[in-house]
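Please open the structure in your viewer and keep the selection tool at hand. The tour moves from one whole chain to single residues.

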Amino acid sequence: MPGITREEVAHLARLARLELKDEELDHFAGQLDDIIGAVARVSEVADQDVPPTSHPLPLTNVMRADEVRPSLTPEQALSGAPAQEQQRFKVPQILGEE
Amino acid sequence: MADLIKLTAAEIAAKIASGEVTAVEVTEAHLARIEAVDEKVHAFLHVDREGALAQARAVDEKKARGEKLGPLAGVPLALKDIFTTEGMPTTVGSKILEGWIPPYDATLTKRLKAADVVILGKTNMDEFAMGSSTENSAYGPTGNPWDLTRIPGGSGGGSSAALAAYEAPLAIGTDTGGSIRQPAAVTGTVGVKPTYGAVSRYGMVAFSSSLDQGGPCARTVLDAALLHEAIAGHDELDSTSIDAPVPAVVEAARNGDVRGMRIGVVKEFAGEGYQAGVMQRFNESVEVLRELGAEIVEISCPSFDKALAAYYLIAPSECSSNLARFDAMRYGLRVGDDGTKSAEDVTALTREAGFGDEVKRRIILGTYALSSGYYDAYYGSAQKVRTLITRDFEKAFEQVEVLISPTTPTTAFPIGERADDPMAMYLADLCTIPTNLAGNAAMSLPCGLAPEDGLPVGLQIIAPAMADDRLYKVGAAVEAAFTARWGHPLLEEAPAL
Amino acid sequence: MTVTELVSYEDALATYDPVMGLEVHVELGTKTKMFCGCATTLGADANSQTCPTCLGLPGSLPVVNAIGIESAIKIGLALNCSIAEWCRFARKNYFYPDMPKNFQTSQYDEPIAFDGYLDVQLEDGEVFRVQIERAHMEEDTGKSTHVGGATGRIHGASHSLLDYNRAGIPLIEIVTKPIEGAGERAPEVAKAYVAELRELIKALNVSEARMEMGQMRCDVNLSLRPKGVEKFGTRSETKNVNSLRSVERAARFEIQRHAAVLSAGGTIIQETRHFHEEDGSTTAGRIKDNAEDYRYFPEPDLVPVAPAREWVEELRAALPELPRVRRNRLREEWGISAHDMQSILNAGAVDLITATVDAGADSASARKWWMGELARRANEDGVEPAALPITPEQVARITVLVAEGSLNDKLARQTIEGVLAGEGDPDTVVDKRGLKVVSDEGALGTAVDEAIEANAAIADKIRGGKVAAAGALVGAVMKATRGQADAARVRELILEKLGVEG
Ligand SMILES: [Mg+2]
Ligand SMILES: [Zn+2]
């Protein structure tokens with residue numbers, strides 16, 4: 001199992017929207033390399049014919065009726081907003097898709 | 001008044017019900033204790049003096065009206081700062097949520113209020129419950145009341161320390177990899193991780209959704225059971241909530257008994273890395289159980305040796321997704337919004353400033369484990385390990401009714417010792433993690449002090465899913481035997497604060 | 001906006017073979033959102049239909065809407081899909097401010113419905129089978145308004161405002177397999193497919209599927225390969241093409257654009273494209289490099305969905321007649337041409353005519369009113385015929401009044417006018433406006449006598465055998481009776497009185 005490079009950590013940080021500082025990148029790259037080295041042993045079972053467990057309980061089909069429940073008031077919804085305008089969340093300019 | 005803080009929850013409730021004391025008196029005694037010692041312990045992030053007294057007054061008024069009081073009415077409680085509380089700050093130990101006041105109550109918060117439990121405030125924790133020492137709190141560490149230079153365990157160190165420091169007779173924790181049991185073990189208190197799905201997760205800020213479970217923390221097994229009963233039960237707002245009656249945990253706690261019971265000792269939880277004094281106290285516990293009439297069987301769970309590895313893939317993976325919502329758009333911290341930066345940049349700057357190192361490490365690790373090309377080798381394999389561990393448990397529970405082990409390999413370590421050594425820190429949860437992966441129930445309760453450092457050692461009892469009552473039955477028997485042997489509860493040996 | 005020098009459509013098709021993939025998102029018409037109990041009412045106050053769950057507040061959890069699942073299964077069945085015996089939701093992880101959790105709760109490798117097809121009929125009657133890859137459940141995002149830039153565009157905006165009322169509304173995403181072999185008819189197939197899908201969704205009563213309201217949105221993926229080559233070319237993904245006409249135009253434009261790039265020796269970049277309603281062109285959006293990594297994994301907060309086979313079979317048995325089958329049946333019953341049927345379809349009048357016939361009208365009259373007078377009015381008012389304030393029952397009543405001779409066409413039109421004006425049901429309007437045909441033979445006879453007397457010259461011509469001249473006298477009588485006479489009867493009376501055989 002390969003380790004992890006500083007460049008990979010930088011790429012992952014971008015994917016995860018973390019603006020890491022240079023010294024953090026160095027520091028984390030070393031630590032993550034150790035951790036990944038340790039956790040990579042799970043791949044010993046990669047070839048085993050074992051079903052994966054995504055949920056610890058064997059529950060299925062938990063559903064709710066299509067009935068309206070009270071929403072928050074707009075004031076409650078916006079109560080934690082860093083900025084608001086016209087009863088909407090005000091956010092910095094969005095780049096990308098229209 | 002000083003005696004009020006040493007009472008158990010059951011005793012307090014009885015005295016309030018009989019009119020011997022008022023809920024307000026009890027609450028004031030605990031608020032005074034917090035005032036006196038919490039500067040040193042730092043168990044609380046937020047104390048809600050007014051709210052607590054108002055709740056207490058309501059209980060006293062109920063009593064005055066002759067209304068029947070519930071089994072925990074008027075009993076103070078310390079709530080881990082991971083459950084939302086309408087109108088009361090909820091930080092999850094993170095800068096990113098500093099000052100956030102949720103517009104809604106968690107289901108657990110609602111149930112506590114409905115049970116007339118008095119919520120004293122919110123307790124310190126490792127940021128987003130990631131850690132085993134409470135050192136990862138953005139608001140500074142909590143001290144272990146047994147030795148303030150040592151960690152109180154984590155992530156729920158604040159809750160357990162509050163119990164050990166007599167700041168509250170009851171507390172709530174959450175356990176993703178041991179965050180209720182490990183703090184209980186190192187503070188000489190009781191902590192229970194119920195079966196996954198027994199306690200609603202609605203309003204409990206998610207770390208790792210398939211592992212997280214809220215549960216009771218207390219100083220006695222019976223108190224834990226009373227709290228367990230108050231918070232457990234089906235919740236239609238949580239799709240993973242179990243729709244079945246809660247096991248009779250209080251009845252079990254009142255009838256501790258292990259006679260004729262087959263109890264398994266997990267062979268894999270021993271050896272290198274286990275402190276001698278911890279193993280000594282554990283072996284004594286095995287003897288006590290034998291003397292009490294249990295049959296002790298050695299059990300092997302061969303897949304447990306991969307549990308830690310699987311856990312440190314699954315939990316970071318889920319957390320990388322769960323914590324994506326902290327993006328500076330709708331609530332919480334916003335950094336760098338100077339009118340020129342994009343939303344994308346503001347999100348990245350805010351997350352950089354708002355998350356601590358351990359959270360960032362786990363987000364990156366989880367992002368890695370889920371990324372295309374690595375998914376099968378890491379996340380996929382970890383989920384297979386999960387199946388193998390569940391099968392180990394199933395096989396074990398065909399032979400025995402409960403399993404036992406030390407809760408942690410060592411006693412409380414000094415604050416700072418493992419702070420920047422993640423792998424060393426992760427070892428603290430070696431014995432507790434398999435239970436989270438399989439979803440079954442477990443308890444930690446005190447079994448003595450390690451001779452070499454005089455610090456508490458925890459005994460872990462593990463039961464099958466939905467057999468939480470067995471924990472209490474065995475735990476109550478062990479607790480009674482040890483208390484008789486020591487002549488008093490273990491906590492009495494803790495140095496005065 | 002620079003537009004690529006396009007190759008003519010004919011030239012493009014002479015060299016290349018188009019392959020299409022269509023991804024359609026349908027907003028379900030459930031009362032509540034997919035994972036929380038918030039209402040889905042359109043046009044509500046900003047952020048008034050939100051809760052901890054659809055705002056992604058810390059601690060909140062999703063619970064699946066049962067009707068969301070049922071609707072997905074119905075759509076899957078109607079598309080001839082297999083329905084999963086067991087499937088899970090998955091998280092699609094990417095950051096965007098309109099998505100509160102920064103992951104979309106969707107489905108990944110275990111869609112609820114898969115491997116189906118939809119037969120679509122082109123205007124000339126040819127049936128083309130479109131293979132369906134999958135239909136899966138997911139949730140909509142919030143809505144952003146961009147402030148400070150030109151015309152609310154994202155570019156140049158100083159900031160954006162977010163309303164999360166739409167966040168969490170259930171979506172079904174329906175994805176076709178690559179559509180091959182349509183050749184020059186590819187744009188037409190694309191349009192017909194989306195039209196058919198819309199009819200189907202409406203027939204299933206799971207959504208109103210109004211494209212202009214964004215309740216149904218289509219992405220058109222298109223690539224070209226040189227004729228005779230098997231391997232697909234690089235595709236472009238034109239996003240949010242939101243009308244039937246636009247779907248056709250977008251496909252057509254992309255065929256011409258791809259052909260131009262390829263013919264000039266260039267390569268197509270895999271990217272998203274934006275469609276422009278004004279001129280039918282597309283422009284480049286985001287490049288789809290491999291950095292995009294959604295890190296899908298099973299949603300741990302939701303348990304698997306395992307629809308019981310009995311339930312699936314119940315839903316299958318209760319499916320309505322499929323639109324294409326129904327259309328063909330009605331066309332035969334009504335005895336009209338494919339072209340006429342298409343016009344009725346385009347006018348959105350099939351259900352109205354059917355309901356009018358069900359209420360007692362003959363199909364020819366029902367068609368006549370809905371496709372004539374009422375279609376004209378709807379067009380004038382800029383609404384769908386169904387939105388006119390007149391019911392099929394009322395239209396049927398009017399056709400009955402005409403058939404029994406109580407109204408003639410002119411009076412019927414006035415009656416319709418009255419109903420549309422809110423004056424009441426047809427009988428009330430007829431009463432109030434005094435619109436009954438004058439059938440009193442005495443009164444009519446007098447009117448005819450007066451007309452003959454006043455137009456002696458014309459009457460003579462008729463007596464002399466010029467029967468065609470009777471029209472002028474009929475006109476005079478109709479005028480005198482303010483149109484309230486049966487013109488055919490008036491003509492009979494005139495000829496009778498003048499002793500001429502009709
Ligand atoms: Mg989609
Ligand atoms: Zn909602």
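What follows is a list of stops in a predicted model.

**Stop 1: chain C as a whole.** Select chain C and colour by secondary structure: there are 17 helices and 15 strands.

**Stop 2: inside and surface of chain C.** Of the 502 residues in chain C, 55% are buried. Among contacts with a separation of 6 or more, 67% are between residues 24 or more positions apart. Now show the surface of chain C: the accessible area is about 21200 Å², and carbon and sulfur atoms hold 48% of it. Colour by charge next; chain C has 57 positive and 76 negative charges, whose mean positions are 2 Å apart.

**Stop 3: backbone details.** Most residues other than glycine have a negative phi, and most peptide bonds are trans. The next selections depart from that.

- Select C:N240, in strand β12 (residues 236–241) of chain C. Its phi is near 50°.
- Go to chain B and select B:V92, in the loop between β2 (76–80) and α4 (107–114). Phi is near 55° here. B:V92 has 0% relative accessibility and therefore counts as buried.
- Finish at B:G154 and B:S155, which are joined by a cis peptide bond with omega about 10°. B:S155 sits in the loop between β3 (118–123) and α5 (157–164) of chain B.

Notes:
Residues are numbered from 1 along each chain as its sequence is written. Chains are lettered from A and ligands numbered from 1 in the order in which they are written. This is a predicted model: local features need pLDDT of at least 70, side-chain atom pairs count only at pLDDT 80 or more; totals for chains, interfaces and linings use all residues. Side-chain values use heavy atoms; hydrogens and water are left out. Helices (H or I, at least four residues) and strands (E, at least two) are DSSP runs, numbered from the N terminus. Buried means under 20% relative accessible area, exposed over 50%, partly exposed in between (1.4 Å probe, protein chains only). Contact means heavy atoms within 4.5 Å. Accessible areas come from the Shrake-Rupley method with a 1.4 Å probe; for residues, only the protein chains shown count as cover. Lys and Arg count as positive and Asp and Glu as negative; His and the chain ends are not counted. The place of a charge is taken as NZ of Lys, CZ of Arg, CG of Asp or CD of Glu.
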